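Welcome! Let's take a friendly walk through a protein model together.

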Amino acid sequence: ALDALSDSDPYVVAHVVTRHGRRRCRSRAWPALTNAACPVWRTRRLLGAPLTVDEGASPEDRLEILVYDLDVTCASALLGRDLIGVASVSVRDLAHAPAGAKYTLPLRLSQVAERARRRAGGPQADVRAPCGAYPCISFRQWPCRDFSAWSPRKWIFLIRHAESQWNVADRNLQKGHVSLEQFLINVDHGLSAAGVRQSLALAEAVRALRVGEHRLDAQTAGSEAAHKAFLAADAILVSPLCRAVQTALLALQHHPAAQSSGLELRSELRERKTMAGRDTRAACKGREIVDNAFEELGKTLADSPAELESARCLRRIRVDTGNTAHEWWDRRREPSRRLQLRIHEVLVQLKLSPRDKTVLVTHSIFAQALLATCLSPDVRARAPELAGRLAGQKLPNCGVVALRVDFSQDLSRCIDEVQFLFGTHVP
C-alpha cells in the first residue's frame with residue numbers, strides 16, 4: 001500500500017504502443033477502487049487498437065498496463081501520480097492465448113511500491129518468480145471482430161428492491177415516529193417483513209410466467225414479448241446492498257438464469273449515498289455480503305418457521321461476488337456527476353457484453369436517474385407523459401420495468417422502448 005493510513009486506491013490505465021514507444025490508441029482507464037489490497041475490476045474497455053496480426057497489429061506492438069494509486073491529496077499535484085507498477089506483453093505473445101482466456105502478467109513495481117512492499121514484509125522482488133509469489137495482474141482480451149458481431153439492440157430489466165426496514169423507518173418518521181436504531185445505528189438495512197412478502201409475490205409471478213399460468217393485466221397487456229424476453233435473460237446483476245441481494249434471491253429464485261448461472265454482485269448498481277442515508281453504508285465485502293443477507297433474512301423471518309426454512313434453501317443459488325472485494329460503498333454524499341459516471345459504466349459493460357438480455361436488481365434513485373437521462377428523443381416525443389413520470393417518480397418496491405436499448409446510439413439516448421412488467425405501475 002502506498003497510502004500511509006490504509007490500503008491503496010488503485011486504478012488502471014492501458015494502451016497499445018509500437019516497438020518505438022508510440023501509442024496506437026488513446027489510453028483507457030479503469031476506475032479507482034477504495035482501499036483495495038487485491039483489486040478486482042471485471043469491467044471491459046474497447047481499446048481502439050488491434051491486438052492481433054489478422055486485424056492489423058504488428059507482432060512487436062505491445063499492450064501496456066499501468067497501475068496507479070489514486071491520491072486525492074495535494075501530494076499528487078506536487079509530486080505527480082503514484083505509480084504502483086507496469087505490465088506489458090507483445091502481440092506475438094498474446095497470439096498464444098485464445099480469445100477470452102485469462103492471461104496473467106507479473107507487475108514490475110515502481111521503486112516507491114517496491115519499498116512499500118519490503119516494509120510490509122514481502123519477499124525480494126523477482127519478476128521471474130511464478131505469479132502468486134510476486135504481484136501480478138490478470139486480464140482477458142477479445143478481438144474487435146467479436147465485439148462487432150454482438151447485437152447493439154438489447155433488453156435491460158430493472159427491478160427495484162422490495163420494501164426495506166429503512167423504507168419503513170422513513171415512512172414512520174413522516175408520521176412523527178422516530179426509530180433511533182434504524183436512523184443512527186444500523187447500516188445496510190435488510191428487507192422488512194412486507195418486503196419479503198413482496199419478493200415472494202414476484203417470485204410466484206415469475207414461476208407462473210415460466211409455466212404459462214401468468215395472466216397479463218390491463219396495465220401490461222401489450223408486453224407479452226417483453227415478458228418472454230425477461231424469462232430469456234441470461235444474466236442477473238445485483239447491487240451488493242443487503243436489501244437488493246435479498247430481493248434477488250427471493251424474487252428471482254424461479255428465474256432460469258438464477259437457477260443455471262446464479263447472481264453476480266456489481267458495486268456500480270448500489271444506491272446513491274445521500275447526506276443522511278445510512279442505508280447506503282455497508283460493512284461487508286465479498287462473501288460476507290451473502291452471509292449477511294441470509295443472517296438478516298433469518299432475523300426478519302424468525303417468527304415464520306416455514307418461510308425461514310424456504311429462505312435457507314436459497315443457499316443453492318450461486319452468488320458471484322463480482323467486484324465487491326474492496327470498500328465498494330460511499331462514505332460521503334455522492335455527487336450527481338459520480339452517479340452519472342456509474343450509470344455510464346453499467347451501460348458500457350452491457351454494451352461490451354455478448355449477452356443481449358440482462359436483469360439489474362438495483363435501487364430507486366439509481367433507476368430514476370437512468371430513466372431520466374437515457375431515454376431516446378423518440379420516446380420523449382411519443383410518450384411525454386410517461387417520460388415525465390419516469391423522471392419524476394420512483395419505481396415501486398419490487399417493480400419491474402423492461403428497457404429496450406440501442407447501443408448504436410449515444411448512451412444518453414439509447415433507451416428506445418419502455419414497458420412495465422408484472423403489474424408494475426408508476427403513478
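Predicted model: local features only at pLDDT ≥ 70, side-chain atom pairs only at ≥ 80, totals over all residues.

Visitor: How are helices H7 and H8 oriented to each other: roughly parallel or roughly perpendicular?
Guide: Helices here are DSSP runs of H or I with at least four residues, strands are E runs of at least two, and both are numbered from the N terminus. H7 (residues 193–210) and H8 (residues 224–232) pack at about 100°, an angle between N-to-C directions on a scale from 0 to 180 degrees, with axes fitted to C-alpha atoms over the stretch in contact. Angles under 35 degrees count as roughly parallel, over 145 as roughly antiparallel, 65 to 115 as roughly perpendicular and the rest as oblique. H7 and H8 are therefore roughly perpendicular.

Visitor: Which residue in E4 is the bridge partner of Leu66?
Guide: Strands pair if DSSP finds at least two bridges between them. E3 (residues 62–69) and E4 (residues 82–90) run antiparallel, joined by eight bridges. The partner of Leu66 in E4 is Val86.

Visitor: How many residues of H9 are buried?
Guide: Buried means under 20% relative accessible area, exposed over 50%, and partly exposed in between, using a 1.4 Å probe and protein chains only. Among the buried residues of H9 are Cys242 and Arg243. For helix H9 (residues 242–251), the count is 10 of 10.

Note on methods
Residues numbered from 1 in each chain as written. Heavy atoms only, no water.
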